[in-house]
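Student: I would like a close look at one part of this model. Please take me through the salt bridges.

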Amino acid sequence: MKKYIVETYYTCTFKTVHTLNDLDDAALSKIDQRTDGEVEVIDVKLNNRKTKKIGNIKDEKVKSNKLGKNLSESISNQIKKSSNNQKENTVNLKIKSNARFRMPDRRKGYIQKAQIGDHKVYLHTGEYDDGKIGEIFIDTNKEGELVKAMMNNFAIAISLGLQYGVPLEEYVDAFIDTKFEPSGNVVGNDRILSASSILDYVFRELAISYLGKEELAHTPSIASTKNLDIENGEDKFLKIVKNITSKGFVRSNYEEKLVDLSDVRINLKTKN
């Protein structure tokens, strides 16, 4: 049986830390000659490996012992510390990824009624305080108990995914253009005229309302495409409206939905 030994080469990056009592030019000029510094390992990288054929196992043990002695104790301890830190970071990442952002008890949202073929579909949405969607509910009529239960549990699964941080774009890409009955013309939605299925209609509506994907709409938006960024001089009144208004209901067109009542005068005087 042939035996081989693998030689591994490492590149170690370290720094030497010196403590200076007097910070002057004389002390700085002699800093390279000092031997009282502390060596700290910054990084250890694996460069390459070479394989050699050996005669017996004893030679392999002798060479491995020599390689182990060449590494100082400080470097080996630093490698252990870095591996432990990586494990702790992975644990922290797992904990953060499992965090669920629960919906507030009193939340914003809207209800969109539409008819696909002969079937009526009611889409309910729930939003966080910042306007992001966090849950959906889908109600249908003329369907059996099995289909209603499946649609209800499907909406719950989507809602849980949104609350655990799954982007809405992923669901839109997955369920747009799915084809099954009921399908056909859509009545009751001003932006969607037809759908290949209930899921195609639902996520097309969510993409238009919450993601601004106008390319998925069948009719153009009536509101102007004006930039309403808060940092670009948005007034205080519009900020208040954004905080209390459903983003999906107005489809982010806050300014176009407002009614100017500055010229309206109300006489509050009572008759004697």
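Tutor: Here is a walk through the salt bridges, pair by pair.

This is a predicted model, where local features need pLDDT of at least 70, side-chain atom pairs count only at pLDDT 80 or more, and totals for chains, interfaces and linings use all residues. Residues are numbered from 1 along each chain as its sequence is written, and side-chain values use heavy atoms, with hydrogens and water left out.

Side chains of opposite charge can pair when their charged atoms come close. A salt bridge is a side-chain nitrogen of Lys or Arg within 4 Å of a carboxyl oxygen of Asp or Glu. The structure holds 4 of them.

Take Glu 135 and Arg 107. Their side chains meet at 2.7 Å, N to O. Glu 135 lies in strand E5, and Arg 107 in the loop between helix H3 and strand E3, so the pair ties together parts 28 residues apart in sequence. (Helices, H or I, at least four residues, and strands, E, at least two, are DSSP runs numbered from the N terminus.) Glu 135 is buried, at 11% relative accessible area. Arg 107 is partly exposed, at 34%. Buried means under 20%, exposed over 50%, and partly exposed in between, with a 1.4 Å probe and protein chains only.

Next, Arg 191 and Glu 214 form a salt bridge at 2.4 Å, N to O. Arg 191 is buried at 5%. Glu 214 is partly exposed at 37%.

Now helix H6. Arg 204 and Asp 200 both lie there, 4 residues apart, about one turn of the helix. Their side chains meet at 3.0 Å, N to O. Arg 204 is buried at 9%, and Asp 200 is buried at 2%.
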